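Work through the exercises below with the sequence and the coordinates open beside the text.

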Amino acid sequence: MSRACELTGKAVQSGNNVSHANNKTRRRFLPNLCSVTLISDSLGQRYRLRISANALRTVEHRGGLDAFLLKASEDDLSQRARLLKRQIAKKVASADAAA
């Protein structure tokens with residue numbers, strides 16, 4: 001399993017530990033990933049995703065998983081999230097056409 005957020009694309013970064021003597025050794029900055037279950041309002045299902053804590057705050061701020069995915073760029077999303085975004089967009093479009 002890769003260490004990357006499924007919604008924002010945040011992944012491992014690399015950098016240096018710098019000591020007081022200015023010695024530099026390589027290190028890894030890992031994203032703060034959480035396994036959460038998010039509910040899609042339009043599809044009426046629960047989805048288990050591995051996302052960063054920052055992405056979880058953003059999802060709640062935007063008003064849920066559906067609103068986040070509809071506004072998100074496809075480049076940042078994982079394959080599962082892209083498929084989910086297409087399903088939600090299709091369901092919302094059919095609901096708008098019926099109304």
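The model is predicted, so local features need pLDDT of at least 70 and side-chain atom pairs count only at pLDDT 80 or more, while totals for chains, interfaces and linings use all residues. Residues are numbered from 1 along each chain as its sequence is written, and side-chain values use heavy atoms, with hydrogens and water left out.

**Exercise 1.** Determine which backbone atoms the side chain of aspartate 66 reaches.

*Solution.* Begin with the location: aspartate 66 belongs to helix α2, helices being DSSP runs of H or I with at least four residues and strands runs of E with at least two, numbered from the N terminus. Next, consider charge: aspartate 66 is buried but has no salt bridge, and lysine 91, the nearest side chain of opposite charge, is 10 Å away. Here buried means under 20% relative accessible area, exposed over 50% and partly exposed in between (1.4 Å probe, protein chains only); Lys and Arg count as positive, Asp and Glu as negative, and His and the chain ends are not counted. A salt bridge requires a side-chain nitrogen of Lys or Arg within 4 Å of a carboxyl oxygen of Asp or Glu. Finally, the side chain of aspartate 66 reaches the backbone nitrogen of aspartate 41 at 3.0 Å, and one of its polar atoms lies 2.8 Å from the backbone nitrogen of serine 42.

**Exercise 2.** Find how many salt bridges there are, and describe the partners.

*Solution.* The count comes to 2 salt bridges. In one of them, arginine 80 meets glutamate 6 with an N to O distance of 3.4 Å; this pair links helix α3 to the segment before β1, across 74 residues. Arginine 80 is partly exposed at 45% relative accessible area, whereas glutamate 6 is buried at 12%. Glutamate 74 likewise forms a salt bridge with arginine 86, whose closest N and O atoms are 3.6 Å apart.

**Exercise 3.** Describe how strands β1 and β2 are joined.

*Solution.* Strand β1 (residues 13-18) and strand β2 (residues 24-29) run antiparallel and are joined by 6 bridges, where pairing requires that DSSP find at least two bridges between the strands.

**Exercise 4.** Identify the residues with the most contacts inside the largest nonpolar core.

*Solution.* This core has 18 residues, and those with the most contacts inside it are Leu7, Leu38, Ile51, Leu65 and Leu69. A nonpolar core is a set of buried Ala, Val, Leu, Ile, Met, Phe, Trp, Tyr and Cys residues joined through side-chain atoms within 4.5 Å.

Technical notes:
A polar contact is a pair of N or O atoms within 3.5 Å; within protein, one must be able to donate a hydrogen and the other to accept it, and residues adjacent in sequence count only if both atoms are side-chain atoms.
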